[in-house]
Amino acid sequence: MSAGQAADGQGMSSLWLRAMPAVFVLIWSTGFIVAKYGLPYAPPLSFLSFRYFFSIVCFLFWIRFSGAVWPSSRSQWLHLAVTGVLMHAGYLSGVWMAVKAGMGSGLAALIVSLQPVLTAIWMSLWAGPSNGQPGTGQQVSRLQWLGLALGLGGLLLVVWRKLEASTEVSWFTLAAAVLALLSITTGTLYQKRFMKPTDVRTANAIQLVAALLVTLPFAWLETEVIVWNGAFISAMAWAVLVLTLGGSSLLYMLLQRGAATAVTSLLYLVPPTTALMAWALFGELVTLATLLGTVLTAVGVSLVVRPAKPPADPKLPAM
């Protein structure tokens, strides 16, 4: 290989690395779109049960041929199962039930986008010992409180208007979306406290099995029949191959390459990205109040989760 070809290869690799966080956010945003696209042909919990099952099969093949290592301790299996119930069964069931009942994809994404806010506030105020390490609780700064107020204010602006107009928002859809928000927040906090580094492929497989075992009994209670047409199969294929396998793999590569900070910052763009996709694909109305509320929420989340500035070294002169 010539020096020029090597340089071109390195340039393409660098370009792909810079693009990976944005690609990940686009994939994450499509999760809300897939719910809207596939749910006319299936009840939510039945769709999710099939999604979990097919994803488990794919992960087992991947684990078998890659030689991925399973967790060695029973406690890690238990912790993975708990996070699977919260971050898959609870979170996805809440989102999909809300969308099935009429909530728009953009609004569902906006409500769930408060997850970093709740996580940051909890970690700041009540973070306790984790894996033998002392607690890291710190007082919430004025800037973070301002961010929390902006985030909640932006969300209330959108939800209240739609609740008054009886469009997208009912007490059931709101409760389902809040269930999703609380589930993913609790799952994130649980994972931060109890989880040790684990291969992402085996971790996903264990989590999905736990989610399937919890979701399946409720899916059997649904009376709506699944329509196995092209739209349903396409939505299922996208959910399994792109969202579960592709999204997880991309996140794994980002974390391995130290790009987690970029992913965190770009996640603030998920609600507006989802809203634009929903407008283009389904004609979901994007009003001025929705735009303003989304911007306020994104700004609020960014203020809450932004890293604190390190204290100045008293031994060094101020610049």
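Helix 3 passes helix 7 in a left-handed crossing, where left-handed means that the near helix is turned anticlockwise from the far one by less than a right angle, and right-handed means clockwise. Helix 3 covers residues 74-100, and helix 7 covers residues 171-194. Their axes come within 7 Å and cross at roughly 160°. The axes here are lines fitted to C-alpha atoms, for helices over the stretch in contact, with angles from 0 to 180 degrees between N-to-C directions. Helix 3 and helix 7 are therefore roughly antiparallel; the classes are under 35 degrees for roughly parallel, over 145 for roughly antiparallel, 65 to 115 for roughly perpendicular, and oblique for the rest.

A quick word on the model before we go on. It is a predicted one, so local features need pLDDT of at least 70 and side-chain atom pairs count only at pLDDT 80 or more, while totals for chains, interfaces and linings use all residues. Residues are numbered from 1 along each chain as its sequence is written, and side-chain values use heavy atoms, with hydrogens and water left out.

Now, helix 3 has another partner. The axes of helix 2 and helix 3 come within 9 Å and cross at roughly 140°. That makes helix 2 oblique to helix 3, and this crossing is right-handed.

Stepping back, the protein chain has 12 helices and 0 strands, taken as DSSP runs numbered from the N terminus (H or I of at least four residues for helices, E of at least two for strands). Of its 319 residues, 44% are buried. Buried is under 20% relative accessible area, exposed is over 50%, and partly exposed is in between, with a 1.4 Å probe and protein chains only.

Which helix is largely enclosed by the rest of the structure? Helix 4, residues 105-112, because 8 of its 8 residues are buried. Among them are Leu 107, Leu 110, Ile 111 and Val 112.

Let's turn to charges. There are 2 salt bridges, each being a side-chain nitrogen of Lys or Arg within 4 Å of a carboxyl oxygen of Asp or Glu. One of them joins Lys 100 and Glu 224, at 3.2 Å from N to O. This pair links distant parts of the chain, 124 residues apart: Lys 100 sits in helix 3, and Glu 224 in the loop between helix 8 and helix 9. Lys 100 is partly exposed at 31% relative accessibility, and Glu 224 is partly exposed at 35%.

Asp 199 and Arg 201 also form a salt bridge, their closest N and O atoms being 2.6 Å apart. Here Asp 199 is buried at 17%, and Arg 201 is buried at 16%.

My last stop is the surface. Phe 50, Phe 53, Phe 54, Trp 228 and Ile 233 make a nonpolar patch of about 480 Å². The areas come from the Shrake-Rupley method with a 1.4 Å probe, and for residues only the protein chains shown count as cover. Helix 2, residues 44-66, gives the most to the patch, with 3 residues. Trp 228 is in the loop between helix 8 (200-219) and helix 9 (230-256), and is partly exposed at 47%.

Helix 2 also holds Cys 58, which is partly exposed at 25%. Cys 58 and Ala 205 are 147 residues apart in sequence, yet 9.0 Å apart in space, C-alpha to C-alpha.

Notes: Patches are made of residues with over 30% relative accessible area and no salt bridge: like charges are joined within 9 Å, nonpolar side chains (Val, Leu, Ile, Met, Phe, Trp, Tyr) within 5 Å.
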